[in-house]
Amino acid sequence: MTEVGTPRRRSEDARLVTGRTRWTDNLQPAGTLHVAFLRSPHAHARITGVDTTAARERPGVVAVLSGADLAAEQGSLPCAWVVTEDMKHPAHPPMAVDEVRYAGEPVACVVARDRYAAFDALEDIDVDYAPLPAVVDMERAVQDGAPLVHEDLGTNRSYRWVFENGDLDAAFRDAPVTLERRYVQQRLIPAAMEPRAVLCEPDGEEFTLYSATQIPHILRLMLATVTQIPEHRIRVVAPDVGGGFGSKLQVYGEEVLCLLLARRLGRPVKWTESRSEGNMAAHHGRDQIQRLALAAEADGRIRGLKVDLLAGMGAYLMLVTPGIPLLGAFMFPGIYKMGAYSFTCTGVFTTKTPTDAYRGAGRPEATYAIERLMDELAAELGLDPIEVRRRNWIGHGEFPYETVAGLTYDSGNYEAATERALALFEYDKLRAEQADRRERRDPVQLGIGVSIFTEMCGLAPSRVLGSLSYGAGGWEHAAVRMLPSGKVEVITGSSAHGQGHETAWAQIAADRLGVPFEDVKVLHGDTAVSHKGMDTYGSRSLAVGGVALFNACDKVVGKARVLAAHLLEAAEDDLEFTGGRFSVRGVREAGATIQEIALAAFAAHDLPDGVEPSLDSDATFDPGNFSFPHGTHLCAAEVDTETGRVRLRSYVAVDDVGKVVNPLIVEGQVHGGLAQGIAQALYEEAVYDEEGNLTTTTMADYLVPAAPDLPSFTTDRTETPATGNPLGVKGVGEAGTIASTPAVVNAIVDALRPFGVSDVPMPCTPERVWRALNQRAEPEESAEPGAGGGLGSAGGAR
């Protein structure tokens, strides 16, 4: 039995689920001091004075510092993605010195002997603010005369980035069908299970920083850059990390400040955020206003697509903030063929928490837009939503296919995934039920939502990232140590935060080396153990990091082959390697296992001349292309037209993620992704008032769905191997999130089309659904159930 493809339970779960593990907040070195941050209550204000006298006198308080106290050493937080040469990139101090630009920005801190004393002392810090106008609305922010977030920049525009291919004017000229739509991608708060936490432990001139981070290697480099502490004096450890979803793909001010405080005080310094702090101060996701135009032939074939985005940056540019919407630039065409495409993105500063990567990072926003437009096109033409997609998608015989956005999709089979999904969903049966409910004017209408998607992941080719002015590469590193006892240690630069790396990587190594799964241990997340890596985000771990491990294992086998040939007195070409054992071709009884070869290398009693006594090997893999998983997601939603309540009745997801290493892990990734995508459609939104105050700072206000809020998912897979890596794998971590949001919203709109409703803003709360319905009085008599989900011309061009 091979390990790859086996649904093995995750070996790391025994400690994670039972709590026998090391979260950053569990760590408590002797003499640890605790830090608490005073955060601005204003969205925008000048700091005219900070009085820390009373706070310093509190029992247990060791130090109280303002931004001014640290101004000379705290530097500016990094942005690694300068997307245009003229991009406006304001300085971003970890602690505000002269001006605050979002509610929740740190302005002072207390260091005390316990976290409660530190928190209590915040009350005694007196800060004088001179309020300035808040900048909350992106469309107003780019108008002439709008208040400025950064006065010295003279504008609220950070950048304007344009991509064009084909003759868009010709595509729209005399087009039989044109559609124009405006969609809003609301702000989301990642809300990982484990809050952020930081502990910095000094040792002379060296520092060990523990952080609940996705990026220990990148964090180490950036800490050195910001603080001027030499990189080799900093060790970063990501212990077990309880989720990230992009929110821990960041270099946060709290990490920099804990390092500086530990250096200043010579004691371990620790900080763990509260949930309210996290909602205000950890970066947010999404936040786009999308203006879209589509031109098509009378039969529904797409001629051209125009996309104009306003993308909310928040108050500052964080690690990859400006590049996130540009990742979507390449995915707005989706799986569809067209002759012309234009994309323009304007990055906009507001007095809100900065945005950055959130699960999917640009691709969910793009998929939402094109999949909503495809349903609108179907409605305009009176076509079934599946049929209009069939007329436009890339056929399985057309791969590799170069898209109008400049990507080369290496493989895919949209037909197979769709046919399987339709069968599992019982599509025709549900359409018949929908027609019956419409005929009876049932107050609870049935809607059917379609989302057929692809995404680019496995971030990614270093040359491509370089062409986009990204500040790093997309390679990944892995190493394999063959121990004398025959056991194996795998070191990966990909740092897990819940994905199951320890299991999947052990499965890959066990297969390639021919050793038992139980004999493999996977090490990660510590820059002193794994000295090279580009970390975890963008569904790149398996497609890049897993392939690096695959290649490192093959190097081990290559080294072992040389020694095996010597010990067996045979030519290397005459050796077979099967099931972890070398044997002479045709002489099965003569042989040696790779574990026996490892012991022979350790003893070094009989090595060929010039051969080192080690089988250990490492490899760095830089992919030549992204990987492109895809899938078909179908959602059936019941919408109560009297109350606006939405109930998801069934959900089918058929995904193609290439070769599957562990089906259980894939299933878990899809389920988690679906929950987050559905949450955007129905529940989640970071809401600010006109003064720039976040009003959703607690879990009572920011609605994260629980298990009872979600349907039982029906999932399945097709398998079209990737051609760009030897494992044939693609990414899976973000697929469910990317596909599910438009499937749910399309289902809701489909249910309401007979009432003239062509859009419901997200999240589609009962109130918003009810309001959308009550803008229209009665169902339109021209409704044709089953044709485009309903109305011939409803939701047509405008």
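Is R286 buried or exposed? In this predicted model, local features need pLDDT of at least 70, side-chain atom pairs count only at pLDDT 80 or more, and totals for chains, interfaces and linings use all residues. Residues are numbered from 1 along each chain as its sequence is written, and side-chain values use heavy atoms, with hydrogens and water left out.

Back to the opening question: R286 turns out to be buried, with a relative accessible area of 6%. Buried here means under 20% relative accessible area, exposed means over 50%, and partly exposed is what falls in between (1.4 Å probe, protein chains only). R286 sits in strand β13, which covers residues 285-296. Helices (H or I, at least four residues) and strands (E, at least two) are DSSP runs, numbered from the N terminus. The backbone of R286 has a phi near 60°, a positive value in a residue that isn't glycine.

E426 also isn't glycine, and its phi is positive too, near 60°. This residue belongs to the loop between α13 (414-425) and α14 (427-440). With a relative accessibility of 45%, E426 counts as partly exposed.

Then there are the cis peptide bonds. One of them runs from F399 to P400, with omega near -5°. Look for P400 in the loop that links α12 (385-390) with β16 (401-402). Another cis bond joins M762 to P763, and its omega is near -10°. P763 is likewise a loop residue, placed between α20 (735-752) and α21 (766-774).
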